[in-house]
Amino acid sequence: MATCSSSSFISPSSFNNDPTQLPKTLQKGLLLPIRRSNIPLLHIHSNSHLRKQFQSKCSNGYPLNAVHFQDVPSTEAEAEAEAKETTISITVVGASGDLAKKKIFPALFALFYEDCLPKHFTVFGYARSKLTDEELRNMISRTLTCRIDKRENCSDKMVQFLQRCFYHSGQYGSEENFLELDRKLKEKEAGRLPNRLFYLSIPPNIFVDAVRCASCCASSATGWTRVIVEKPFGRDSESSGELTRCLKQYLTEDQIFRIDHYLGKELVENLSVLRFSNLVFEPLWSRQYIRNVQLIFSEDFGVEGRGGYFDSYGIIRDIMQNHLLQILALFAMETPVSLDAEDIRNEKVKVLRSMRTLQLDDVVVGQYKGHTKGSKTYPSYTDDPTIPNHSLTATFAAAALFIDNARWDGVPFLMKAGKALHNRRAEIRVQFRHVPGNLYKGKFGMDMDEATNELVIRVQPDEAIYLTINNKIPGLGMRLDRSNLNLLYKARYPREIPDAYERLLLDAMAGERRLFIRSDELDAAWALFTPLLKELEEKKIAPELYPYGSRGPVGEHYLAAKYNIRWGDLTSDDS
Amino acid sequence: MALSFPNYSSSSPSNLPSPSSFKHHQRTTPSSILSSQNSFRHRFLKWVSIQSAKNQNLNAVCMQEATIAALPSNETLKKLKDRSLPFAPPEECGNVVGFSTGKEECTVSITVVGASGDLAKKKIFPALFALYYEDCLPKHFTIFGYARSKMTDAELRNMVSKTLTCRIDKRENCSEKMNQFLKRCFYHSGQYDSEEHFVELDQKLKEHEAGRITNRLFYLSIPPNIFIDVVKCAGLSASSSNGWTRVIIEKPFGRDSESSAALTRGLKQYLEEDQIFRIDHYLGKELVENISVLRFSNLLFEPLWSRQYIRNMQFIFSEDFGTEGRGGYGIIRDIMQNHLLQILALFAMETPVSLDAEDIRNEKVKVLRSMRPLQLENVVIGQYRSHTKNGVTYAGYVDDKMVPKDSLTPTFAAAALFIDNARWDGVPFLMKAGKALHTRRAEIRVQFRHVPGSLYKKSFGKDLDQATNELVIRVQPDEAIYLKINNKVPGLGMRLDRSDLYLHYAARYSKEIPDAYERLLLDAIQGERRLFIRSDELDAAWKLFTPLLKELEEKKITPELYPFGSRGPVRAHYLAEKYNVQWGDLSTEHVHG
């Protein structure tokens with residue numbers, strides 16, 4: 001069980017320290033690979049070389065992440081590796097579910113397509129429904145796609161991938177059924193050194209059952225066993241603590257990979273790069289220059305008949321307490337000692353623990369109501385058949401949070417998340433302070449707030465980073481306007497950006513924990529939100545209604561105004 | 001820039017000085033400089049007072065309050081949505097035409113001395129027309145060409161008309177406007193040193209001014225050796241009796257400290273400092289104008305603007321053609337000592353008290369005076385030689401008939417300069433200027449320091465210099481501002497590269513960017529001196545370069561030869577290397593859409 005010392009299947013030997021092996025561009029310094037660069041280099045090294053990487057046994061056991069390859073040169077390991085081949089078995093528990101179909105299997109295929117999986121691997125679907133392997137393959141095949149920019153051998157590759165996919169039907173709480181799975185897995189693993197990854201794509205009430213069975217009956221005897229779990233991780237401090245305790249009966253902390261798929265998004269990943277590899281942002285990143293930070297998430301659709309889960313959780317638990325808070329922590333944390341997972345997560349926990357618990361008067365909740373536009377009528381939240389008629393569940397929430405540390409004291413961090421709004425978007429907005437003693441004050445009219453700089457990181461859709469600056473409008477005379485220093489991803493990077501799940505699955509396989517939530521992080525996150533959530537429920541706070549497809553409840557503006565802030569997403573950006 | 005006139009309250013005209021004659025103002029304080037414009041400004045009161053009540057600030061930048069009131073509220077909202085600040089008036093100088101509604105009508109007479117010259121034809125007349133076309137000239141104005149050649153008014157008009165163009169983006173009434181403009185153009189033939197001829201000019205001007213309050217602007221587009229003659233004649237015989245008289249002069253302002261000072265002394269026999277408008281047309285360029293806006297209206301740059309964060313600055317100017325018969329002055333005097341040094345001063349100056357011309361120029365002088373005079377070992381000079389490419393032979397500098405065969409005049413120079421003040425101590429300011437190079441470009445590059453204790457150090461390979469941030473302001477061609485940042489290459493894994501946060505003017509601003517001369521002429525007419533060189537600035541600039549220039553000449557330093565169309569002498573790199581700098585213009589930039 002605790003075999004995580006062989007935390008990675010990729011051998012360090014693949015990174016000879018010989019700089020002459022680096023591609024030309026890299027030597028010129030135009031491409032800047034970094035330590036956790038096993039993946040990109042896969043494209044650079046030949047395929048045969050790649051194979052060797054996977055065949056070889058891993059030797060860098062500690063620390064438990066993949067960031068360290070380059071440092072450990074080894075020819076020994078390579079030789080040793082030839083002796084025993086490693087394989088990986090990925091079991092998707094809840095294989096017939098939506099997430100599995102839409103995200104997990106396609107992500108696994110994408111990794112296979114990009115040669116990011118080891119030479120030998122097995123994918124198992126596990127669920128209660130009776131399916132044959134063929135039926136599973138048939139089901140999966142409908143959702144597989146190849147990269148838009150790289151279409152060669154697409155159907156070939158799909159066939160090869162599907163041949164590695166199998167199905168086992170069983171109850172989630174049955175040790176016996178997991179024993180059967182274990183036998184089947186062993187068959188496929190055929191004496192190789194097996195590593196096993198379980199992806200729990202099942203309702204949270206059966207997490208513990210499945211973990212118990214998998215751990216006692218189907219974990220790897222000689223390799224590692226890891227379990228990926230998806231939110232919800234409880235619904236408050238107590239239930240989350242309980243879940244963690246139960247999981248830890250069967251798993252050690254380093255086997256548990258709590259996914260927050262927002263952490264796998266390209267621009268969230270880039271946040272640390274922006275902050276820590278660019279000097280220009282360094283002096284700006286504090287209360288001295290930043291007036292407020294806004295984390296905005298909106299969807300342009302409602303629950304649409306799938307509200308059962310949502311209604312018992314609400315938008316605060318569904319989006320804020322995890323996705324937005326995680327981004328906030330990455331944004332606000334102090335510089336970590338290194339890029340190692342534990343160092344980064346230590347800093348995140350510190351930020352979370354420096355935060356003030358949410359206050360009811362710093363929160364606005366809303367719920368969407370029906371709206372008729374033209375000939376089309378959009379149903380309200382409570383019209384949905386899966387939602388109780390008197391539900392007070394928030395489908396929108398805005399909140400002001402504060403970090404009581406030296407760097408951020410007094411800087412409001414505003415969050416906003418909502419369903420059935422006018423657009424779909426996720427972005428981070430950093431509003432800078434006014435220019436002290438501004439020489440151009442006379443130019444800005446009454447509203448100096450319009451004239452401050454802003455850094456926007458648009459996570460989705462249409463990834464971009466831009467910096468709003470005041471600029472002189474060209475021409476005679478002196479008029480200023482706001483223009484953007486813009487980096488639009490699709491213009492700069494022609495490659496398709498991989499789905500968050502690909503990154504996270506790959507990281508889980510490589511034992512890279514940076515983007516997964518550690519249990520103390522989770523505790524700290526719940527500690528911030530639990531009192532508020534309880535108060536909302538106890539006082540039966542009625543959400544402010546807002547029309548489907550609108551910009552959300554007006555209350556959010558009063559909340560922002562209370563802290564002298566204007567939401568940055570109200571103006572249409574020309575970028 | 002003074003599109004906006006100072007809007008002081010019309011209820012207090014008593015603070016206006018008597019507009020009698022420019023020569024009687026002996027004070028040199030900023031207020032008196034401004035007051036000499038007041039006679040002109042006075043005429044603007046009528047239109048200004050309609051729109052504005054407050055604002056004592058005499059700076060040009062202050063018109064916004066006036067215009068914001070004029071915007072209907074829904075318009076304001078729309079602007080807000082458009083992300084352009086709501087104060088933006090719809091037209092830049094559309095109001096100016098309306099100023100003559102008062103009884104005392106005002107007129108401006110612009111005399112281009114040296115009207116048959118190249119600069120006049122290519123730049124001055126077209127700029128004047130552009131101003132007229134944009135309604136930036138007063139309702140009544142007169143343009144006189146003055147030169148030695150015998151010409152009729154019609155011949156001048158014919159000559160001028162060949163170079164006039166309308167804005168690309170605004171073509172209405174173009175030929176109509178041209179005709180109207182040409183009707184205001186006249187010619188007077190005369191010697192440059194003849195007071196008599198200038199008296200004749202004065203008579204003609206008076207005829208056209210027809211009793212209005214007269215302001216007169218002389219643009220000296222003539223060789224420097226006759227500057228003083230003309231100024232004497234114009235000052236004595238053709239200056240305005242009841243308005244202002246101003247003289248615009250173009251470089252060269254001498255060729256070293258002594259000759260420059262002599263010129264200034266000569267000019268000041270006949271003119272006050274505030275009548276002299278020394279043009280450095282680089283200061284009229286859009287992105288140079290924007291430097292102060294970037295620096296002082298964006299909080300982002302404020303903490304970065306010092307030795308703590310900036311590793312070096314580079315001022316790069318290159319032309320892809322040779323001197324073509326117009327050499328002799330040398331690239332250091334021609335480009336570095338004025339254009340590049342002026343940009344440097346704008347970049348490095350402390351925050352001025354206000355945007356007033358005197359405040360800004362005070363700060364520029366301070367920076368220049370804090371600079372170390374150039375040392376020979378911090379300078380590289382070069383001269384282009386002939387080069388044959390694809391069967392085409394490009395002539396070397398000394399192949400030019402106008403150039404002595406043994407000329408040592410540099411056509412390329414690179415230099416490292418230092419500002420010994422608290423903000424910039426130790427930061428190299430590199431300049432590079434050259435002719436007959438492989439590109440035509442003018443840009444400013446700010447290279448930032450390394451990230452201290454960078455977490456991503458290992459991902460940058462050996463060359464950390466490639467991984468620093470850089471702010472680039474491309475003055476020409478294809479104006480742009482971009483900030484190079486390190487960014488994660490999207491995809492699985494973690495690779496970093498340099499991407500740009502990019503503002504491409506052509507994409508962002510659809511309007512044609514006006515020529516530098518338009519801006520400068522307008523400013524001169526309006527008495528806005530911010531973009532003109534004050535004599536103490538000029539002195540300070542020469543002081544930095546004169547010892548070096550003398551040494552180069554005395555020691556007969558031979559320039560390094562470089563082929564026409566190349567990247568210039570190799571020694572420029574050694575100079576940069578000496579200060580641990582890499583020229584930023586060598587890496588291929590990303591192509592932006």
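Which residues lie nearest the centre of the second largest pocket? Keep that in mind as you look through these close-ups of a predicted model.

**View 1. The second largest pocket and its lining residues.** Start in the middle: L99(A), K231(A), H261(A), R306(A) and Y501(A) are the residues that lie nearest the pocket's centre. They belong to a lining of 45 residues, and the pocket's volume comes to about 1,600 Å³. Sort that lining by class and you get 21 nonpolar, 16 charged and eight polar residues.

View 2. Helix 12 of chain A gives the most, with six residues.

**View 3. Helix 12 of chain A packing with helix 13 of chain A.** Now follow helix 12 of chain A to its contact with helix 13 (residues 341-354) of chain A; their axes sit 9 Å apart, at an angle of about 105°. Angles from 65 to 115 degrees count as roughly perpendicular, so that is how these two helices of chain A are arranged. On the helix 12 side, the residues in contact are L325(A), Q326(A), L328(A), A329(A), L330(A) and A332(A), and they meet I344(A), K348(A), V351(A) and L352(A) in helix 13 of chain A. Eight residues of this contact are nonpolar, one is polar and one is charged.

**View 4. An open sheet of seven strands in chain A.** Read across the sheet and the strand order is 4-3-2-5-6-7-18, with mixed pairing. Strand 4 (165-169) and strand 18 (516-517) of chain A each have a single partner strand, so one side of each has no neighbour in the sheet. Further in, strand 2 (residues 86-93) and strand 3 (residues 121-127) of chain A run parallel, joined by six bridges. One pair to look for is V93(A) with its bridge partner Y126(A) in strand 3. Helix 7 (residues 154-163) of chain A lies across strands 3 and 4, running at about 35° to strand 4 of chain A.

**View 5. An open sheet of seven strands in chain B.** Here the order is 3-2-1-4-5-6-17, again with mixed pairing. At the edges stand strand 3 (185-189) and strand 17 (532-533) of chain B. Strand 4 (residues 213-220) and strand 5 (residues 245-250) of chain B are parallel and share five bridges, and I248(B) in strand 5 is the bridge partner of Y219(B). Helix 7 (residues 174-183) of chain B lies across strand 2 (141-147) and strand 3, at about 35° to strand 3 of chain B.

Key
Residues numbered from 1 in each chain as written. Chains lettered and ligands numbered in written order. Predicted model: local features only at pLDDT ≥ 70, side-chain atom pairs only at ≥ 80, totals over all residues. Heavy atoms only, no water. 1 Å grid on protein atoms, 1.4 Å probe; cavity = no way out; pocket = protein on both sides within 12 Å on 5 of 7 lines; lining within 4 Å. Points joined across faces, edges and corners; volume = space filled by probe spheres on them. Helix = DSSP H or I, 4+ residues; strand = E, 2+ residues; numbered from the N terminus. Nonpolar A, V, L, I, M, F, W, Y, C, P; charged D, E, K, R; others polar. Axes fitted to C-alpha atoms, helices over the stretch in contact; angles between N-to-C directions. Parallel < 35°, antiparallel > 145°, perpendicular 65-115°, else oblique. Contact = heavy atoms within 4.5 Å. Pairing = 2+ DSSP bridges.
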